[in-house]
Amino acid sequence: MVIVGAGQAGLSVAFYLRRLGLDPGNDFVILDRGPGPGGAWQLRWEALKLGYAHRVNDLPGMDELGLSFDSADRKVPAKQVVADFYARYEEHFGLQVVRPADVTRVDPTLDGVVVHFEGSYGSREVSTTVLVNATGTWGAPFVPWYPGMNDFAGRHLHTSEYRAAEEFRDQDVVVVGGGTSAIGFLLELEGVAGSITWCTRRPVNYLDGPQDLNIEAGARAVALQDEAAREGRALPSIVSTTGVPRSRRIQAAIERGLLSPRGMFSSIEPDGVRFPDSGFQHADAIIWATGFRPELRHLAPLKLREKAGGITVGQGAATRNARVFFAGYGPTASTIGANRAGRTIARQVIATLSSLDR
């Protein structure tokens, strides 16, 4: 069998498949397009630290290595910490991840699927009776359309393209989005950019109080994602239901006036953005911290998508093709539920393989 993706969801499934008796490299193979271990975290910006991001849960079995993100160095860039931990994890459990392996297409066959992928060795393919898709969302950035976008003379960039605040020194920057990424960019750009304008479609939902409020919000996000996945609808935004924790750093930025969103502009002009009240803000760059969508283009030949815009998934399996499983989709799209789903999906994969053998 084949697992596509070696982020948290893919590695979690692999861990439980191994525990259930399958041999990595022989009974199953993991294909990952990243240049190294770390999933999407290895591609995030240098200034992002673990303490400023949503909590990263440990992978199942990580305690065997004496590792935990809870005790990781908060001064080191998150991308380095996650890449290091994942590399040690892959080696410890002998997962033999194949990379770089960019899966470009998955075609149906009479008894399963054939997975086409590319890497430094050229184009390859592998046939399998069962597929676990764990590609996450990083490869499918979402940027909403606004009138005049194509006429903007400045720079458009999405969260996935952001590297460092220094690139915007003395520039007028517009940041779009109401989540932790947008707020992180604002904090980094302060004192570097010439001016910063924050635009959001809705009021920012700050979370106050103890950790259990975060857990409650996370549970609600999982429930909404699961409901949408079961109904084949487009998945709702995680941040719209979880909110942004009001840390001391964020509270201080609110009090000094940095985190004061203006509301959303109505159109884009060559040298800036125009607001509904006819107000105008000059801009050299617009940073779109507007989230991601599930990365599913490579699965198009399987015709799994519903008219409602999503893929119907129940208990990890696609309704339209019971041999295709999804880890990191819907309720398992973040660290909130990825590890629990790994165990469930691994058991279902074993059951499916057993039934096929009979």
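Let's start at one ring: R293 lies over the face of F142, 3.8 Å from the ring centre. A charge sits over a ring if NZ of Lys or CZ of Arg is within 6 Å of the ring centre and within 35 degrees of the ring normal. R262 is placed over the face of F275, also with 3.8 Å to the ring centre.

Before we go on, please note that this is a predicted model, where local features need pLDDT of at least 70, side-chain atom pairs count only at pLDDT 80 or more, and totals for chains, interfaces and linings use all residues. Residues are numbered from 1 along each chain as its sequence is written, and side-chain values use heavy atoms, with hydrogens and water left out.

Rings can also meet other rings. Searching the whole structure gives 16 aromatic pairs. Rings of Phe, Tyr and Trp (its six-membered ring) pair if their centres lie within 6.5 Å; planes under 30 degrees apart count as stacked, over 60 as edge-to-face and the rest as tilted. Y146 and W288 have ring centres 6.0 Å apart and planes at 25°, so this pair is stacked. The pair links distant parts of the chain, 142 residues apart: Y146 is in the loop between β6 (131-133) and β7 (155-158), and W288 is in strand β15 (residues 285-288). Helices (H or I, at least four residues) and strands (E, at least two) are DSSP runs, numbered from the N terminus.

Are these two residues buried or exposed? Y146 has 12% relative accessibility and counts as buried, and W288, at 1%, counts as buried too. Buried means under 20% relative accessible area, exposed over 50%, and partly exposed in between (1.4 Å probe, protein chains only).

Now to the helix α3 (residues 180-189), which is mostly covered, with 9 of its 10 residues buried. Among them are I183, F185 and L187. The cover over the buried residues of α3 includes β8 (172-176), α6 (248-255) and β15. After α3 comes G191, with a positive phi near 85°.

Finally, look at two helices together. The axes of α1 (residues 8-19) and α2 (residues 78-92) come within 12 Å and cross at roughly 20°. Q8, L11 and F15 of α1 make the contact with Y86, Y89 and E90 of α2, where contact means heavy atoms within 4.5 Å. F15 and Y89 also belong to one aromatic cluster with Y16 and F93.

Methods:
Axes fitted to C-alpha atoms, helices over the stretch in contact; angles between N-to-C directions.
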